[in-house]
Amino acid sequence: MIAFVLRRLLQSISVMLVVGLIAFSLFRFVGDPINNMVGQDTGDKDRAELRQELGLNDAFVVQFARFVGNATKGEFGVSFRQGRKVSTLIAERLPATLELSLTAATLALLVGVPLGVYTGLRRESPLSKLILALSLVGVSLPTFLIGILLILLFSVVLGWLPAFGRGDVVQLGWWSTGFLTRSGLRALVLPAVTLGLFQMTLIIRLVRAEMLEVLRTDYIKFARARGLANRAINFGHALKNTLVPVITITGLQLGSIIAFAIITEQVFQWPGMGLLFIQAVAFVDIPVMAAYLMLVAFVFVVINLIVDLLYYAVDPRLRIDRALAGGHGG
Amino acid sequence: MTVPSNRPPLLQLEHLRVEFPSRHGTLTAVDDVSFEIAEGEVLGVVGESGAGKSITGAAIIGLIEPPGRIAGGRVLFEGERIDDLPYEKLRRIRGKRIGTIFQDPLTSLNPLYSIGRQLIETILTHTSLSPREARQRAIDLLSEVGIPSPAQRIDHYPHQFSGGMRQRVVIALALCANPRLVIADEPTTALDVSIQAQIIAVLKKLCREHGTAVMLITHDMGVIAETADRVAVMYAGRVVEVGPLREVVKHPRHPYTVGLMGSIPTLRGSRARLAQIDGSMPRLNRIPPGCAFHPRCPRAFERCEHERPELINDGPSWTSCWLYAPLARTGSDG
Amino acid sequence: MAEERLAPLPAGAFRAALFRAWDSDICYSFRRSPVTVAAAAATLLIFAGAGFAPWVAPHDPFDLATVSLLDARNPPAWLPGGSWEFPLGTDNLGRDILSTILYGSRVSLVVGFASIIFAMVLGVSLGLVSGYLGGFVDALIMRVAEVQLSFPAILVALLVDGIMRGIVPREYQDQLAEDVLILSIGLSFWVQYARTVRGSTMVEKSKEYVQAARVIGRHPAAIMLRHVLPNVMGPVLVIATINLALAIITEATLSFLGVGVPPTEPSLGTLIRIGNDFLFSGEWWITIFPGAVLVLLVLAVNLLGDWLRDALNPKLR
């Protein structure tokens with residue numbers, strides 16, 4: 001058990017280092033950092049001095065080590081575009097994105113899993129076919145289009161919900177939350193549904209496919225041959241076996257919600273990190289891009305780790321045979 | 001219709017017919033199959049892969065996968081018809097009065113649950129024992145099938161057992177509610193040869209002790225020879241011969257059975273070469289008219305090509321071969 | 001006897017082959033499913049419209065001489081204020097929506113297809129190399145794949161796009177934007193192909209005929225190509241159809257976000273973005289029609305992909 005955790009931790013760290021390398025390379029090789037920071041009329045001598053001061057003449061490895069050291073402290077330098085510290089910018093925007101993502105993920109799971117199970121168990125019912133048809137449409141709708149349609153219906157036509165911004169927020173320490181105000185909650189509805197819908201349809205289809213696969217196995221056949229009640233078979237055996245592989249994939253999906261938030265934030269002008277990132281890409285604001293990258297990688301790695309640990313806890317085969325432990329990726 | 005025995009039949013199959021509609025036409029996997037199993041008796045059902053043995057077993061307990069369906073005939077268990085029962089009634093018979101053993105013990109057990117959980121769940125479904133009593137019964141069953149240290153191993157998971165041990169667990173699961181009949185579908189095929197004998201011994205012992213009848217489906221004549229009281233030989237979805245074990249093995253009537261017995265390698269006695277039946281069993285959608293075996297039969301004659309033979313009595317055996325029709329007997333063998 | 005069999009009539013043989021294909025399991029399941037046929041029809045329609053845009057479109061929306069602000073913001077023909085000259089209405093610059101949709105579909109489709117082909121070539125090659133060489137190369141490629149797989153395509157595409165933007169000198173950016181887009185989308189999709197092909201390659205590599213070939217002296221790689229490639233074509237095609245839908249969505253999303261194709265050659269995504277600004281003032285058609293076509297296209301491709309997957313899956317037959 002300990003060996004397993006240690007190994008996964010080491011893997012995670014190496015992934016972070018690789019991402020860090022990419023982020024760092026962005027700094028060094030994409031455009032000239034000096035050019036991005038100073039005006040055009042700064043003399044060459046000043047530039048050379050600045051270069052020396054910032055340590056840009058040191059060896060690659062030294063610079064990289066410095067970068068990593070700074071990164072672990074949350075120090076990413078100053079945004080080219082806004083001139084403010086990147087860490088401050090991120091801290092301001094992070095709560096918005098996290099609250100949105102969490103709400104969307106919860107929604108996707110709470111609705112997606114039961115629907116997926118239902119369509120797996122009752123394959124031929126008209127409701128199942130309807131849900132599947134809708135889920136197919138859901139997968140074909142790009143997230144931004146869903147957002148636009150929802151805005152059209154609920155903001156423009158019906159006028160029930162706001163289409164932009166986050167509403168009023170309450171400041172708790174450095175965290176600003178929209179959960180505690182009515183306008184904050186109302187502003188959360190459309191973006192959360194938009195963000196969660198795509199994930200939800202994916203979950204429905206995934207759970208259904210897994211369920212169908214499980215229902216075809218020999219142990220289900222044997223359970224039937226033993227005369228077990230349908231409820232015991234479907235919810236005792238089939239469900240548990242379905243959910244185990246679903247955990248991994250869903251976990252990874254949840255990580256990607258944070259990235260998909262980029263689109264939703266653009267559509268709804270939600271003041272989160274995604275919006276920040278878009279603006280950074282358009283402007284080639286390297287520090288922000290690098291910081292965002294590292295942060296997202298960190299979240300992914302943490303989620304992956306948790307999923308692996310969960311898997312380990314749920315699947316008894318992994319506990320004994322350590323050789324299997326690392327190898328289930330999709 | 002079948003061999004008269006001095007005990008009332010536990011299971012009766014009458015003209016059972018199982019069809020699978022498909023794009024290429026309707027495939028008849030089981031075609032007019034009739035036989036009986038008496039209480040406590042072991043009937044071996046033998047034949048090549050694809051002869052319809054497993055499907056017959058599945059049909060008895062109503063586990064044919066759609067679009068397959070029972071298209072004709074009747075299945076009677078303890079005198080009552082069970083092929084037309086609604087799902088719930090049939091479910092109550094499964095496990096409790098008819099047990100089943102499948103071929104692959106690894107995939108028959110849910111890998112995420114301990115074997116104790118799977119045993120206790122089955123016991124609780126079919127009996128009115130309390131959970132604690134059920135657990136004790138499970139432990140007793142495990143020791144009956146020969147699992148060492150059952151009180152500890154009951155909480156282990158399937159992957160922690162070897163193949164032979166797993167199949168013993170499967171046997172325990174099939175027998176835990178004390179059924180009157182067990183359908184064993186290729187119970188030893190997936191196991192090492194050295195383990196096969198052990199498993200068969202366990203099965204035999206338990207069934208003898210509890211008076212359970214067995215329908216032993218296999219393509220391995222060696223297993224049949226060890227275990228069965230009577231044998232039914234199937235070919236292309238039909239029964240070609242039924243009779244007591246000694247009769248069928250020593251005095252096979254049907255030419256297919258003759259070929260089957262002749263193709264068994266034996267350590268005793270010298271045989272110059274293994275006999276072999278030319279050709280292969282026809283595919284289900286290309287079954288020849290008349291007797292299904294006639295294209296490969298060394299003794300086929302004109303009647304075999306047009307008329308499908310029914311089961312004809314010849315001494316203690318029954319065989320579906322025109323060679324044994326009362327008037328056409330040429331007295332060539334016995 | 002032999003001569004008779006050696007020279008069948010070419011026309012007859014072709015007809016016979018066609019009939020066999022028509023009667024095969026794949027075509028059969030295709031014909032049996034009305035939804036799939038409808039999907040195929042819709043896809044063909046959009047492809048045809050996009051492909052023949054210059055001839056089919058009633059106007060050329062990019063010829064500034066024909067576009068006039070006086071026509072701007074006209075509603076579709078069946079609403080008051082509209083006319084059949086602009087069947088689906090006009091946008092804020094006076095361009096005919098139907099025409100912009102036709103041209104826009106073209107861009108969307110070209111980028112979508114090109115990026116998938118790129119991803120396929122890259123992924124299949126890397127998969128073959130990785131599976132065949134094994135060892136360090138394999139481990140390296142698979143590590144990269146694993147890391148990349150945890151990031152959604154959109155993020156990878158955005159990243160590559162951003163990097164390119166930083167590297168490519170400003171003068172060439174508009175010209176190369178489309179190629180950069182294809183590159184970035186393609187780079188975000190190669191992993192699935194690589195994994196599938198790698199798996200099959202490893203299976204084939206361990207088979208005896210490869211050892212035998214080595215003994216004879218033939219280069220095993222060539223033989224593996226002959227055997228591995230046909231085996232993986234099925235799954236690769238299925239992946240490609242699913243990915244095509246995703247690629248089209250990704251391109252539309254990137255264009256919507258403003259980092260996709262340049263505004264001089266708008267794709268469906270760009271059109272939707274432009275129209276978005278006019279939602280609140282009631283001119284819904286500028287965004288809804290391109291949106292509808294996008295959805296239809298992706299839906300049709302998804303349906304085809306679903307059908308292809310079911311048709312090629314031996315377990316379901």
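**Exercise 1.** At what angle do helix α5 (residues 86-121) of chain A and helix α6 (residues 126-140) of chain A pack, and how far apart are their axes?

*Solution.* This is a predicted model, in which local features need pLDDT of at least 70, side-chain atom pairs count only at pLDDT 80 or more, and totals for chains, interfaces and linings use all residues. Residues are numbered from 1 along each chain as its sequence is written, chains are lettered from A and ligands numbered from 1 in the order in which they are written, and side-chain values use heavy atoms, with hydrogens and water left out.

Step 1. Helices (H or I, at least four residues) and strands (E, at least two) are DSSP runs, numbered from the N terminus. Axes are lines fitted to C-alpha atoms, for helices over the stretch in contact, and angles run from 0 to 180 degrees between N-to-C directions.

Step 2. The angle between α5(A) and α6(A) is about 130 degrees, and the axes are 9 Å apart.

Step 3. Angles under 35 degrees count as roughly parallel, over 145 as roughly antiparallel, 65 to 115 as roughly perpendicular and the rest as oblique. The two helices, α5(A) and α6(A), are therefore oblique to each other.

Step 4. On the side of α5(A), A:Leu115, A:Tyr118 and A:Thr119 meet A:Leu127, A:Ser128 and A:Ile131 of α6(A), where contact means heavy atoms within 4.5 Å.

**Exercise 2.** Describe the open sheet of chain B and the pairing of strand β1(B).

*Solution.* Step 1. Two strands pair if DSSP finds at least two bridges between them. The four strands follow the order β2-β1-β4-β5 in chain B, with antiparallel pairing. Its edge strands, β2 (25-38) and β5 (80-81) of chain B, each pair on one side only.

Step 1. Strand β1 (residues 9-22) of chain B is joined to β2(B) by eleven bridges; the bridge partner of B:Ser22 is B:Gly25, and that of B:Pro9 is B:Ala38. These two strands, β1(B) and β2(B), form a hairpin with two residues between them.

**Exercise 3.** Which geometry has the aromatic pair of A:Phe222 and B:Phe102?

*Solution.* Step 1. Rings of Phe, Tyr and Trp (its six-membered ring) pair if their centres lie within 6.5 Å; planes under 30 degrees apart count as stacked, over 60 as edge-to-face and the rest as tilted.

Step 1. For A:Phe222 and B:Phe102, the values are 5.9 Å centre to centre and 70 degrees between the planes, and the pair is edge-to-face.

Step 2. A:Phe222 lies in helix α9 (residues 218-225) of chain A and B:Phe102 in the loop between β6 (98-101) and α3 (105-108) of chain B, so the pair joins two chains.
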